[in-house]
Amino acid sequence: MTSLKDLTPKFRNVRLLLAREKGHPEGDREEGYDVLAPLTGEGRIDAEEWKSHRASCRVRRFRTGEEDLIGRLRRKPGGQWYFDYAEGDRDDEIGFHLGDERFVTGEYVSIERNGAMHTYQVARVERP
């Protein structure tokens, strides 16, 4: 279990909410992710800080009618970021260019889930 004493000043809680898409013309405030990760001053994932604090980098996926999934923020050898919930890769959710994205309120990020790409808006970024 991660505690506040394990985190460096670069860590932020990021709330991502489903943006407008087919079937959700207004988006969905009840579907999204809470991500705990170190960010640079520009709001990008700090890969160097992540390397030394991997166990503290967490993700929680929430959706109405489903149990929350708790996992980790991970990175593939080629640099692609993904959310990992259990052993194996069947449940992995891939971030589309997450290393280049800015986690700043109002920005958008894309995550592939079950073979489909979904767009999420950064709803808030705050210190843990």
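**Notebook: strand partners and ring contacts**

I started with Arg-15 and found that it stands opposite Arg-124 in β8. The model is predicted, with local features needing pLDDT of at least 70 and side-chain atom pairs counting only at pLDDT 80 or more, while totals for chains, interfaces and linings use all residues. Residues are numbered from 1 along each chain as its sequence is written, and side-chain values use heavy atoms, with hydrogens and water left out.

I took helices (H or I, at least four residues) and strands (E, at least two) as DSSP runs, numbered from the N terminus. Two strands pair if DSSP finds at least two bridges between them. Strand β1 covers residues 11-18. I checked both of its listed partners. Strand β2 (residues 28-38) is joined to β1 by eight bridges, and the two run antiparallel. Within that pairing, Asn-13 has Leu-36 of β2 as its bridge partner. Strand β8 (residues 116-126) is joined to β1 by six bridges, again antiparallel.

I then looked up burial, where buried means under 20% relative accessible area, exposed over 50%, and partly exposed in between (1.4 Å probe, protein chains only). β1 is mostly covered, with seven of its eight residues buried. In a regular strand the side chains alternate between the two faces of the sheet.

Strand β5 takes in residues 81-84. Two bridges join β5 to β6 (residues 93-96), in the antiparallel sense. Phe-83 has Glu-93 in β6 as its bridge partner. β6 in turn pairs with β7 (residues 108-113) over three bridges, also antiparallel. There I noted Ser-110 in β7 as the bridge partner of Phe-96.

**Entry: aromatic pairs**

I used this rule: rings of Phe, Tyr and Trp (its six-membered ring) pair if their centres lie within 6.5 Å, and planes under 30 degrees apart count as stacked, over 60 as edge-to-face and the rest as tilted. The count comes to three aromatic pairs. Tyr-33 and Phe-83 have ring centres 5.1 Å apart and planes at 45°, so this pair is tilted. Why does the pair tie together parts that are 50 residues apart in sequence? Tyr-33 lies in β2 and Phe-83 in β5, so the contact spans that separation. Tyr-33 is buried at 1% relative accessibility, and Phe-83 is buried at 3%.

Next I checked Trp-50 and Trp-81, which form an edge-to-face pair, 5.0 Å centre to centre with 85° between the planes. This pair links distant parts of the chain, with Trp-50 in helix α1 (residues 47-52) and Trp-81 in strand β5, 31 residues apart. Trp-50 counts as buried at 6% relative accessibility, and Trp-81 is buried at 2%. I also recorded a cluster in which ring pairs link Tyr-33, Phe-83 and Tyr-120.

**Entry: charges over rings**

A charge sits over a ring if NZ of Lys or CZ of Arg is within 6 Å of the ring centre and within 35 degrees of the ring normal. Lys-76 lies over the face of Tyr-82, at 4.8 Å from the ring centre. Arg-61 lies over the face of Tyr-85, at 6.0 Å from the ring centre.

**Entry: Gly-65**

Where does Gly-65 lie? I found it in the loop between β3 (58-62) and β4 (69-75). Is Gly-65 buried or exposed? Its relative accessibility is 81%, so Gly-65 counts as exposed. I also looked up Glu-30, which is 35 residues from Gly-65 along the chain, and the two C-alpha atoms are separated by 9.7 Å.
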